[in-house]
Amino acid sequence: MVPSVFSKSRTLPSPARRHLTLDSLLPSSLHTGTLLRPAAIEATPPPPPPSCAPHLSTPRLSYVGYIATLRSCVAARALRPGRQLHARLLVSGLGGDAALATRLVDLYASSGHVAHARCLFDEMPQRNVFVWNVLIRAYARDGPRQESINLYRMMLDHGVEPDNFTYPPVLKACAALLDLGAGREVHDCVGCTRWVSDVFVRAGLVDMYAKCGCVGEARSVFDGTAVRDAVVWNSMIAACGQNGRPTEALTLCREMAAEGVGPTIATLVSTISAAADAAALPRGRELHGYGWRRGFGLQDKLKTSLLDMYAKSGWVRVARVLFEKLMHRELVSWNAMICGYGMHGHADQALELFNKMRRDALVTPDSITFVGVLSACNHRGMTKEAKEFFDLMVNVYSIKPTVAHYTCLVDVLGHSGRFDEASDLINGMSVEPDSGIWGALLNGCKIHKNVELGELALQKLIELEPDDAGNYVLLSNIYAQSGKWEEAARVRKLMTSRGLKKIIACSWIELKGKSHGFLVDDTSHPRSDEIYKELERLEGLMTQVGYVPDIRPVFHNVEDDEKRNMVRGHSERLAIAFGLISTPPGMKLLVTKNLRVCEDCHVVIKLISRIVQREIIIRDVNRYHQFVNGDCSCKDHW
């Protein structure tokens, strides 16, 4: 999934909203009266609220006018006239009226002035559930989110019973803070109320558990929901998509349609994102067509999710077409396109679009934008440019670097062999280095056979991820590359003693809605004989143009002939061969692999793309490789 995280660009309020005046918001019946005029307010005693003086008809009409005007201010989020009216209420002596104060709290909270809303709230002698909900929702939306949870608990202490408008924002705050304990506390409270079956409360529970990484508990809430509308389905689909279960998200979408619940734009966005993460391009294209048939085709949210899906599936040109058709290009759209170019190594296009975003569209980049830009530089080995963009992000845009930014920079420095700079960067990081940082450094050590620094990186990785066998394998390979077979054997023995097993390489390709997986030297596929015949045919053609197997990626102390046989049966080659014999000439192939593509397979796939005149895209654990006519988008830098 894209990655699927979208940020929103800030927009100025509309001119109509900025120029609203108090007079324009007053009910027509009040424009000719004198009650709201300052002179009249001074000369006339303040009208009491209806509950105190129901027998006074004229003051009651004036009181209703105040309520109606405040309601108009809230609906239009008209802060300036709302403040003017607030001042008049204070002068008239009505500032402490509970109903009017409730409207004022709603006005300030909905306009983003939560601190002002809280001051009014704290001064109110009587507070109903509505005003509690207004402030809880404001804190959950604008922060600090912990205050939303604190206010909820204070509400309970005051004996005010929460309702179905209280629980969703509190659960949203718990999800944002990843506060599973508070979320479970709310869940326990909900279970004792009549709102336990409310669809919005159930959806909030699913979302909270999903954000906290408890997909099993989210699924339990979902399965226990008797009546599931689109909101609940969407929450569960998003939960699976955001927690590395894209296939399950796609299955849920099918079940949702089978139960007669019509997918919404939110359903399509989440499911398309899942299709991108699962490399399920055919499913994504089906959703594309479905969205157009349902009339969602003009919505930019759908177009943005589609361009992200096509970019992740290797169809970058289609993604760019969708990008150009967007009616309003917000920051999330620019980020999706820039990151799409970056992940495929199209650094020139990514940087060109980045400059266009800043200079022509006047859109301010954010943290995600720079992840895409630095990724583009990294995938093309543009060390100098990566450092310049990193400095631009920190010194010009005042964006605090995250682990993702540091990882890109460490990776590009390690690839270029600039280990002193990489080490200095890690030692001076403003955040704690994680496994991604040390893994990037270890990968650079493998490329340049830096055994000493590689050992240090592995030591850090073992501290962070003691059960990840891939770290041991990488160091073992570094030793093997340097001819230190005894040390390589020692590392593998250490793996065995700790009960760790190397991840089995696997590649898969989806054709006609069905996924076909292959392991190394796999013979289990029904068309296995045809697959190996196709590989033998292709190897014969490659040999004619001078191909010689590169056995360096085989880190075993065996004879060269055996090493050559080992590389011939790599899983990505089997998947490509199956794709070639199962699809018409000229059709693009997309193969996904759970590990890094080896050097020999990289050479072989370049040659195959030239021989068969096909575009072949390999999505490995690190990046995308787009092979066209003998060239790769990575320019042999990966």
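## Terms and model

Buried means under 20% relative accessible area, exposed means over 50%, and partly exposed lies in between (1.4 Å probe, protein chains only). Helices (H or I, at least four residues) and strands (E, at least two) are DSSP runs, numbered from the N terminus.

This is a predicted model: local features need pLDDT of at least 70, side-chain atom pairs count only at pLDDT 80 or more, and totals for chains, interfaces and linings use all residues. Residues are numbered from 1 along each chain as its sequence is written, and side-chain values use heavy atoms, with hydrogens and water left out.

## The chain as a whole

The protein chain has 33 helices and six strands. It has 638 residues, and 51% of them count as buried. Its accessible surface comes to about 30000 Å² (Shrake-Rupley method, 1.4 Å probe). Carbon and sulfur atoms hold 54% of that surface.

Residues 229–263 are 74% helix and 0% strand, and their end C-alpha atoms lie 10 Å apart. For residues 468–502, the end C-alpha atoms lie 9 Å apart; this span is 74% helix and 0% strand.

Helix 10 covers residues 167–177. Its buried residues include Tyr-167, Pro-169, Val-170 and Leu-171. Ala-173, Cys-174 and Ala-175 are buried in helix 10 as well. What do the buried residues of helix 10 pack against? They pack against helix 8 (129–142), helix 9 (145–157), helix 11 (180–190) and helix 12 (199–211), where contact means heavy atoms within 4.5 Å.

Most residues other than glycine have a negative phi, and most peptide bonds are trans. Leu-178 is not a glycine, yet has a positive phi of about 55°. Leu-178 sits in the loop between helix 10 and helix 11. Leu-178 is exposed, with a relative accessible area of 55%.

Gln-613 is not a glycine either, and has a positive phi of about 55°. Its place is the loop between helix 33 and strand 4. Gln-613 is exposed, at a relative accessible area of 51%. The peptide bond from Gly-143 to Pro-144 is cis, with omega near -10°. Pro-144 lies in the loop between helix 8 and helix 9.

Six strands form an open sheet with mixed pairing, in the order 2-1-3-4-5-6. Strand 2 (514–519) and strand 6 (631–632) stand at the edges with a single partner strand each, so one side of each has no neighbour in the sheet. Two strands pair if DSSP finds at least two bridges between them.

## Around strand 4

Strand 3 (residues 589–593) and strand 4 (residues 616–619) run parallel, joined by four bridges. Thr-592 has Arg-619 as its bridge partner, and Val-591 has Ile-618. Strand 3, helix 33 (residues 599–612) and strand 4 make a right-handed β-α-β unit. Right-handed means that, with the strands pointing away from the viewer, the path from the first strand over the helix to the second runs clockwise.

On the other pairing, strand 4 and strand 5 (residues 624–628) are antiparallel over four bridges. A hairpin joins strand 4 to strand 5 through four residues. Ile-617 stands opposite Gln-626 in strand 5. Which way do the side chains of strand 4 point? Ile-616 and Ile-618 point one way, Ile-617 and Arg-619 the other, and all are buried. In a regular strand the side chains alternate between the two faces of the sheet.
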